[in-house]
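Welcome, and please open the model in your viewer.

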Amino acid sequence: MNALGRHLLLELFDCDPDAINSLETVKGALIEAAKRAHATIVDVVFHEFNPFGISGVVVIAESHLSIHTWPEYRYAAVDIFSCGDGLQPEVAAAYLVEQFGAERTSVVEMQRGVFVNVTPVSSKSAVAIS
């Protein structure tokens, strides 16, 4: 049984509030995490909230890295979703824990797209679902 992808769900507690409230720091850390994981970056979109907090996504050819921060709670939620065998999501996760100074972490890994006895549909016979 093979999965189409791995999805790491990171709970980062007791982070450095200045780090997770800095758009430059958060954006730079996610981009560097993607590079360290050997991902192919396709696009980068981040938003800084007022009075605080950042949300962002690094779209990669292999899927995505996303983050939502709550500096007032010293908390960040991170998703690292990877498809294929070449990516190292655990390397990206360890880097982000270090960069944000998380003192407590929780990592849950989910296998995404687990199929049993299913043959992929060819692109010529695919049916659109609306």
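This is a predicted model: local features need pLDDT of at least 70, side-chain atom pairs count only at pLDDT 80 or more; totals for chains, interfaces and linings use all residues.

Residues are numbered from 1 along each chain as its sequence is written, and side-chain values use heavy atoms, leaving out hydrogens and water.

How many aromatic pairs does the structure hold? The structure holds 2. Rings of Phe, Tyr and Trp (its six-membered ring) pair if their centres lie within 6.5 Å; planes under 30 degrees apart count as stacked, over 60 as edge-to-face and the rest as tilted.

- Phe 13 and Tyr 75: the ring centres are 5.2 Å apart and the planes are at 40 degrees, so this pair is tilted. Phe 13 lies in strand β1 and Tyr 75 in strand β5, so the pair ties together parts that are 62 residues apart in sequence.
- Trp 70 and Tyr 75: here the centres are 5.4 Å apart and the planes are at 40 degrees, so this pair is tilted.

Phe 13 is partly exposed, with a relative accessible area of 25%, and Trp 70 is partly exposed, at 35%.

**Stop two: charges over rings**

Show Arg 104, which lies over the face of Phe 13, at 4.5 Å from the ring centre. Then find Arg 112, whose charged end sits over the ring of Phe 81, 5.2 Å from its centre. A charge sits over a ring if NZ of Lys or CZ of Arg is within 6 Å of the ring centre and within 35 degrees of the ring normal.

**Stop three: strand β5 and its partners**

Select residues 75-83, which make up strand β5. Strands (E, at least two residues) and helices (H or I, at least four) are DSSP runs, numbered from the N terminus. Of the 9 residues of β5, 7 are buried, so the strand is largely enclosed by the rest of the structure.

Look for Ser 63, which stands opposite Ser 82 in β5. The hairpin of β4 and β5 has 4 residues between the strands, and Arg 74 takes a positive phi near 55 degrees there.

Next show β1, which is joined to β5 by 8 bridges and runs antiparallel to it. Gly 5 has Cys 83 in β5 as its bridge partner.

**Last stop: the whole sheet**

Zoom out to see an open sheet of 6 strands, in the order β2-β3-β4-β5-β1-β6, with antiparallel pairing. Its edge strands are β2 (41-48) and β6 (104-114), each pairing on one side only.

How values were computed
Two strands pair if DSSP finds at least two bridges between them. Buried means under 20% relative accessible area, exposed over 50%, partly exposed in between (1.4 Å probe, protein chains only).
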